[in-house]
Amino acid sequence: MTSKRALITGITGQDGQHLSELLNEKGYEVFGLIRGQRNARREAFVAEFPFVHLVEADLTDPSSLLGALKTSDADEVYNLGAISHVGYSFRNPQLTADITAKGVLNLLEAIRQTGRAEEVRFYQASTSEMFGGLDYNRPGKGYNEMSLFHPRSPYGVAKLYAHWIAKNYRESYGMFVACGILFNHEGERRGVEFVTRKITDAVARIHHGLQDHIELGDLWPKRDWGYAGDYVRGMWQMLQHDEADDFVLATGETHSIEEFLTLAFEEIGVDDWRPYVQQNPEFMRPAEVDILLGDPTKAETDLGWKRDVDFPGLVSRMVQHDLKVTDPNR
Ligand code: NAP
Ligand code: G4F
């Protein structure tokens, strides 16, 4: 039997790395879309994932996407590429719309142009940011696939367009388009611009005497944080399902940034994190998402998905990883 072929956009990002690894283990031939004339992450990526065939393209350039689809001749396309940082999207709203929203339309249209629209299975990386934290229709139960949307950032609004255009192509052209509405997922491959990795990296550096404090924005928001390795498994399961559908992936628990700080500092034997944390308005947002809590019942029931890593396990593995990589004696 010939192996399946997958094309991943956003291959250099956290989820792209986890998914490459998973699909390679499953025997796929993996193609990854890489942008930029000299992408700073290319060299490190090639060293760690030599089995991935990189194809140059950009979500804002339709002809390059068509080329990538033709080169890869993919059976499954995972669209993970995006401006994914909420704070950055406030400062760069038009770029966010071009890549995170319109990029999806470009990719779907390019798939249609290949003439293989009915054969290709497509995954769209939708997000809990589309809900916006205003838990007005299912108070306390968590968002599910039927919850109302109220995005609170240029990123959330762009992702909502992407979500609906993806569903529209499913309904209009009979394409197999699955939308994974994923709550926050983290891990040792998370960018340091996101709050969890920023904290675990700083905690490790404080432990090694390389820095003395960390500057953060608001500490009260709550997130439903899971482990990225568990979530990419769910993406793959969505494309193996008999029907294209929408699925929430979440843990069903929500924790504040203060709780994350408590566990992270305990990992290095510090009981009170407060002396090490300063608040800096630079890291606050014009509109905040107060609380995110997801209900993954549908994915658990229909896909058999379940997460393995819990909240304390997630914090611990991230701090332990960062203690190793920042150790000046290593
Ligand atoms: P990430 O680490 O920020 O990676 C984003 C990727 O998008 C990078 O590989 C980046 O490539 C690529 N990209 C940016 N602009 C592009 C363009 N113009 N053309 C092609 N690629 C471009 O994000 P992630 O955490 O892995 O998340 C993956 C996807 O899931 C994203 O769409 C994100 O919005 C969504 N999501 C994430 C979470 C989460 O908690 N992680 C939750 C829900 C949804 P460069 O190396 O070139 O910058
Ligand atoms: O880690 P964050 O930047 O993640 P956020 O905004 O929840 O978005 C992430 O999860 C979404 C899924 O819900 C994804 F769609 C999205 O692509 C991304 O992966 O911020 C988490 C919370 C926010 O409330 C933020 O205001 O932490 C707060 N925060 C406080 N200080 C900070 C900081 N966030 C960052 N990035 N940096 C800070 O210094």
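This is a predicted model: local features need pLDDT of at least 70, side-chain atom pairs count only at pLDDT 80 or more; totals for chains, interfaces and linings use all residues.
A residue counts as near a ligand here if one of its heavy atoms lies within 4 Å of it.

As for polar contacts, an oxygen atom of ligand 2 sits 2.5 Å from a polar side-chain atom of E288, and the side chain of Y155 brings an N or O atom to 2.8 Å from an oxygen atom of the ligand. On the nitrogen side, the side chain of H85 has an N or O atom 3.4 Å from a nitrogen atom of ligand 2. The protein buries 96% of the 720 Å² that ligand 2 exposes when taken alone.

Now to ligand 1. Its shell holds 27 residues, and T12, R35, S84, Y155 and K159 come nearest. Backbone atoms have a part here: a polar one of D15 is 2.8 Å from an oxygen atom of ligand 1, while a backbone N or O atom of Q14 is 3.0 Å from an oxygen atom of the ligand. R190 uses its side chain instead, with a polar atom 3.2 Å from a nitrogen atom of ligand 1. Taken alone, ligand 1 exposes 900 Å², of which the protein buries 92%. Two or more shell residues come from each of α1 (14–25), β5 (121–127) and α6 (154–173), and β5 gives the most, with 3.

Terms used
Residues are numbered from 1 along each chain as its sequence is written. Chains are lettered from A and ligands numbered from 1 in the order in which they are written. Side-chain values use heavy atoms; hydrogens and water are left out. A polar contact is a pair of N or O atoms within 3.5 Å; within protein, one must be able to donate a hydrogen and the other to accept it, and residues adjacent in sequence count only if both atoms are side-chain atoms. Accessible areas come from the Shrake-Rupley method with a 1.4 Å probe; for residues, only the protein chains shown count as cover. Helices (H or I, at least four residues) and strands (E, at least two) are DSSP runs, numbered from the N terminus.
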